[in-house]
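Subject: Handover of a protein structure

Dear colleague,

Please find below the sequence and the structure that I am handing over to you. My findings follow directly after them.

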Amino acid sequence: MTLNTFHYAGVSSKNVTLGVPRLKEIINVAKNIKTPRLEVWLDAERSRNIELAKEVQVNLEHTTLQKVTSVTEIYYDPDPRNTIIEEDADFVDTYYQLEDDNSAFVTRVSPWLLRIELNRGMMIDKRLNITEVGNFETTTEWGLDTDGINLQEVMCQYGVDETRTYSNNTVEIMEVLGIEATRKALLKELRNVIEFDGSYVNYRHLALLCDVMTNRGHLMAITRHGINRAETGALMRCSFEET
């Protein structure tokens, strides 16, 4: 098992935490994990149509001005009617021709101009227009992979297959879906960490660890703060970190 892995080979945009750091997050029941993400599966209609899948992505994704901006520039342009920016000259002329009375407006305009150029491709891809200013993985169907989590809201989104949508944050799964789903998620996350580099641990060992962490109806961390709260004997307690 690797000590540190923060991205998949060949997929630079997909950051994950694996190896020992991820294993510590799982068994310590960390509430704030380093790379929270969701696997969002779509319903039958949208999973086979990239355009419909993009509509769901646009509804889920948080888009800021920074993400769709390609260039920002600052100019000293004291006369707005006769701008020094050649690329904007036609646009400015058209604007002042359409306006009825701009004399008062022109006198209040600052001579300093912040010019923002938007990325046309990003605007089209995100279905944005000038007034509104995940990544796809293709196998046999389209799905979404997010940075950040909000499982309950995403499961309620129209077009999302709530039966397969998954969060890698076990604490969130516990709050939304309950202890049985949490046990299943713990087992999946442990196997992902251990088997990522080809290592093998028998299923029974991992299943036993998941049972210990969930059998009391809540998540119990494998730390002194979790194990020592259980109703165990003195010998078992003194054999784990502290007495």
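The lining of the largest pocket is made up of 16 nonpolar, 3 polar and 5 charged residues. Please keep in mind throughout that this is a predicted model.

The largest pocket

The space in this pocket comes to about 750 Å³. The pocket is lined by 24 residues, and those closest to its centre are Asp88, Phe91, Val92, Leu113 and Arg115. Which elements supply at least two residues each to this lining? They are helix 3 (89-98), strand 5 and helix 5 (120-125). Strand 5 makes the greatest contribution, giving 6 residues to the lining.

The chain as a whole

The protein chain has 243 residues, and 34% of them count as buried. Its secondary structure consists of 11 helices and 8 strands. The accessible surface of the chain is about 15,800 Å², and carbon and sulfur atoms account for 52% of this surface.

The largest share comes from strand 5, with 3 residues. Is isoleucine 116 buried, partly exposed or exposed? Its relative accessibility is 38%, so it counts as partly exposed.

Helix 1 covers residues 19-27, and its buried residues include Gly19, Pro21, Arg22, Leu23, Glu25 and Ile26. Just after this helix, valine 29 has a positive phi of about 55°.

Helix 1 also takes part in the largest cavity, giving 3 residues to its lining, which is the greatest contribution. The space in this cavity is about 40 Å³. Its lining consists of Arg22, Glu25, Ile26, Ala30, Ile33, Asn168, Asn169 and Thr170. By class, these residues divide into 3 nonpolar, 3 polar and 2 charged.

Salt bridges

Side chains of opposite charge can pair when their charged atoms come close. How many salt bridges does a search of the whole structure find? The search finds 13. I describe some of them below.

- Arginine 37 and glutamate 39 form a salt bridge in which the closest N and O atoms are 3.4 Å apart. Both of these residues are buried. Arg37 and Glu39 also belong to a network of salt bridges that links them with Asp145 and Lys188.

- Glutamate 45 and arginine 46 form a salt bridge, with 3.6 Å between the closest N and O atoms. Arginine 46 counts as buried because its relative accessibility is 10%, under the cut-off of 20%. Glutamate 45 counts as exposed because its relative accessibility is 52%, over the cut-off of 50%.

- Arginine 191 and glutamate 195 meet through their side chains in a salt bridge of 3.3 Å, N to O. Both residues lie in helix 8 (residues 179-195), where they are 4 residues apart, or about one turn of the helix. An α-helix has 3.6 residues a turn, so residues three or four places apart point the same way. Arginine 191 has a relative accessibility of 34% and therefore counts as partly exposed. Glutamate 195, at 36% relative accessibility, therefore counts as partly exposed.

Methionine 174 and glycine 217

Methionine 174 is part of helix 7 (residues 170-177). Because its relative accessibility is 24%, methionine 174 counts as partly exposed. What distance separates the C-alpha atoms of methionine 174 and glycine 217? The separation is 9.8 Å, while the two residues are 43 residues apart along the chain.

With kind regards

Terms used
Residues are numbered from 1 along each chain as its sequence is written. This is a predicted model: local features need pLDDT of at least 70, side-chain atom pairs count only at pLDDT 80 or more; totals for chains, interfaces and linings use all residues. Side-chain values use heavy atoms; hydrogens and water are left out. Buried means under 20% relative accessible area, exposed over 50%, partly exposed in between (1.4 Å probe, protein chains only). On a 1 Å grid over the protein atoms alone, a cavity is a set of points where a 1.4 Å probe fits but cannot get out, and a pocket is an open set with protein on both sides within 12 Å along at least five of seven lines; lining residues have an atom within 4 Å of a point. Grid points are joined across faces, edges and corners, and a volume is the space filled by probe spheres set on the points. Ala, Val, Leu, Ile, Met, Phe, Trp, Tyr, Cys and Pro count as nonpolar, Asp, Glu, Lys and Arg as charged, and the others, Gly among them, as polar. Accessible areas come from the Shrake-Rupley method with a 1.4 Å probe; for residues, only the protein chains shown count as cover. A salt bridge is a side-chain nitrogen of Lys or Arg within 4 Å of a carboxyl oxygen of Asp or Glu.
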